[in-house]
Amino acid sequence: MKWTNRGNENIPYENIAHMVKQNPAFCIYGAGKFGNELYGLLKKFDLFDCFIDNSVEKQKSGYNGEAVISEAQFWEKPVRPFIVIAASAANTRDIKEHLQEKGLVYDRDFFTFKEFINKVFPVIAYFVFDKTYVNLTQICVTERCSLKCKKCAHGCYAVKADNQDLTLEQAKKSADAFFSKIDYICEFVLIGGEPLLYRQLAEAVEYIGSKYRDKINIFSITTNGTIKPSDRLLSICRKHDVLFRISNYSKQLPRLEKQYRILSELFDENGVRYNIGPQDTSWMDYGFEYVNRNGTEKELIAVFDSCDTPCHEIRENKFYFCVMARSVAENLSKNVGEDDYLDFDKLVSPDWKRELLEFILGYSQKGYLDMCNYCYGAECYKHPIPVAEQL
């Protein structure tokens with residue numbers, strides 16, 4: 001969306017925020033992985049009411065020390081909280097249809113997980129709490145990687161081994177700039193390339209954890225699992241409750257199965273949280289190497305709006321809406337999009353929080369990114385490719 005009245009654009013879900021002021025309570029439908037991630041966010045803002053789950057066992061034992069009720073008990077509540085569905089894609093679809101059959105209105109009475117954390121909660125944070133919130137932001141500490149994956153979404157296969165990483169001071173400045181403007185984030189991520197190649201990763205984690213951990217729901221490192229973390233890094237990650245998210249490439253690279261077992265034992269022994277993702281069956285080809293739309297402004301705005309990526313990046317004072325657009329433009333020498341960011345140092349107007357909210361919701365000066373010209377965007381799912389196929 002293109003800014004036409006910066007700082008005073010139409011904000012979706014503003015009416016929901018005003019409803020939340022009157023009824024500040026949310027039920028999480030699904031006492032599992034997604035529900036756990038959402039729980040910390042709602043608890044932080046004192047908006048959590050209960051979990052809803054059809055598991056009788058969970059209803060008896062509770063979850064995260066909180067009550068788990070049946071759906072029948074939800075309907076008995078004199079004032080019904082809002083619902084956020086926190087389930088797999090298939091279960092979300094079924095629950096959504098079921099709730100609509102029961103008379104609840106989607107986007108008013110209940111929301112899906114992804115929509116809520118990306119679109120609804122930033123509006124609630126601003127209008128109800130006067131806070132700035134974003135779902136996901138990353139610091140890309142290095143573009144170097146231990147693998148050479150064809151069609152890497154960041155174009156890291158084109159990065160040379162001696163490529164310059166962020167300095168520790170740049171990593172610190174990135175965190176400082178970000179948290180000078182953001183009050184709370186659902187997940188703050190250190191990524192690469194392969195972040196465990198970054199020699200000062202432990203120092204970066206210690207700096208961010210010691211200064212900003214109370215502003216972060218989930219503090220994570222995304223890794224391909226090929227490198228064993230040092231004892232010092234493990235100790236610091238345990239101290240600051242850092243989650244390792246390990247991408248599972250074992251179908252294409254069977255040798256990694258043993259490595260994942262070794263890492264699992266290591267993390268368990270050291271009390272460090274980790275998650276090994278499902279064995280991916282396919283990636284999506286974004287088309288960066290050969291797509292060239294030569295799109296008009298209207299066409300590119302449509303591409304950007306339909307994509308709606310949640311993967312933001314902070315790089316010193318520069319807040320990029322799409323981390324892939326920045327990294328691919330640099331790594332593949334596209335030489336576009338140099339100005340496609342929001343400058344946090346220039347967010348100084350009385351309405352800067354509103355401007356930031358608008359940017360998070362997809363407004364910008366042009367209404368699109370230059371890299372939209374070279375990307376399939378939301379259509380990338382139509383172009384599946386093998387996972388982690390090596391050059």
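Strand β1 (residues 26–29) sends F26 and I28 one way and C27 and Y29 the other, and all are buried. Buried means under 20% relative accessible area, exposed over 50%, and partly exposed in between, with a 1.4 Å probe and protein chains only. Strands (E, at least two residues) and helices (H or I, at least four) are DSSP runs, numbered from the N terminus. In a regular strand the side chains alternate between the two faces of the sheet.

This is a predicted model: local features need pLDDT of at least 70, side-chain atom pairs count only at pLDDT 80 or more, and totals for chains, interfaces and linings use all residues. Residues are numbered from 1 along each chain as its sequence is written, and side-chain values use heavy atoms, with hydrogens and water left out.

β1 pairs with strand β2 (residues 48–52) in the parallel sense, over 4 bridges. Two strands pair if DSSP finds at least two bridges between them. I28 has F51 of β2 as its bridge partner. Y29 stands opposite I52 in β2. β2 is mostly covered, with 4 of its 5 residues buried. Both strands belong to an open sheet of 5 strands, ordered β3-β2-β1-β4-β5, with parallel pairing. Its edge strands are β3 (68–69) and β5 (110–112), each pairing on one side only.

**The eight-stranded sheet**

A further open sheet has 8 strands in the order β10-β9-β8-β7-β6-β12-β13-β14, and its pairing is mixed. β10 (274–276) and β14 (342–343) are the edge strands; each pairs on one side only. Helix α2 (residues 33–44) packs on this sheet, touching β6 (133–140), β7 (184–191), β8, β9 and β10. The direction of α2 makes about 140° with that of β8. Axes are lines fitted to C-alpha atoms, for helices over the stretch in contact, and angles run from 0 to 180 degrees between N-to-C directions. Helix α8 lies across β6, β7, β8 and β9, running at about 170° to β8. Within the sheet, β8 (residues 216–223) and β9 (residues 242–246) pair in the parallel sense over 5 bridges. I221 has F244 in β9 as its bridge partner.

**Cores**

A nonpolar core is a set of buried Ala, Val, Leu, Ile, Met, Phe, Trp, Tyr and Cys residues joined through side-chain atoms within 4.5 Å. The largest has 87 residues, and F178, F188, V205 and F319 have the most contacts inside it. α8 (residues 201–212) gives the most to this core, with 7 residues. Another core lies apart from it, with 36 residues, among them I16, A31, F116 and F121. V205 is in contact with L190, F219, I221, L233, I236, C237, H240 and V242, leaving aside neighbours within four places in sequence. Contact means heavy atoms within 4.5 Å.

**Helix α12**

Of the 9 residues of helix α12 (residues 323–331), 8 are buried, so the helix is largely enclosed by the rest of the structure. The buried residues are V323, M324, A325, R326, S327, V328, A329 and N331. Their cover includes β6, β7, β12 (312–315) and β13 (318–320). S333 follows α12 and has a positive phi, near 55°.

**Rings and charges**

Rings of Phe, Tyr and Trp (its six-membered ring) pair if their centres lie within 6.5 Å. By this rule there are 33 aromatic pairs. One cluster linked by ring pairs holds Y13, F26, F45, F82, F111, F116, F121, F129, Y133 and Y184. Planes under 30 degrees apart count as stacked, over 60 as edge-to-face and the rest as tilted.

Two charges also sit over rings. The rule asks for NZ of Lys or CZ of Arg within 6 Å of the ring centre and within 35 degrees of the ring normal.

| Charged residue | Ring | Distance to ring centre |
|---|---|---|
| R6 | W3 | 4.0 Å |
| K96 | Y106 | 3.8 Å |

**Two single residues**

T92 is in helix α5 (residues 89–101). T92 is buried, with a relative accessible area of 13%. Not counting residues up to four places away in sequence, T92 touches I85, A87 and T112.

K173 is in helix α7 (residues 168–181). K173 is partly exposed, with a relative accessible area of 38%. The C-alpha atoms of K173 and R315 are separated by 8.2 Å, although these residues are 142 residues apart along the chain.
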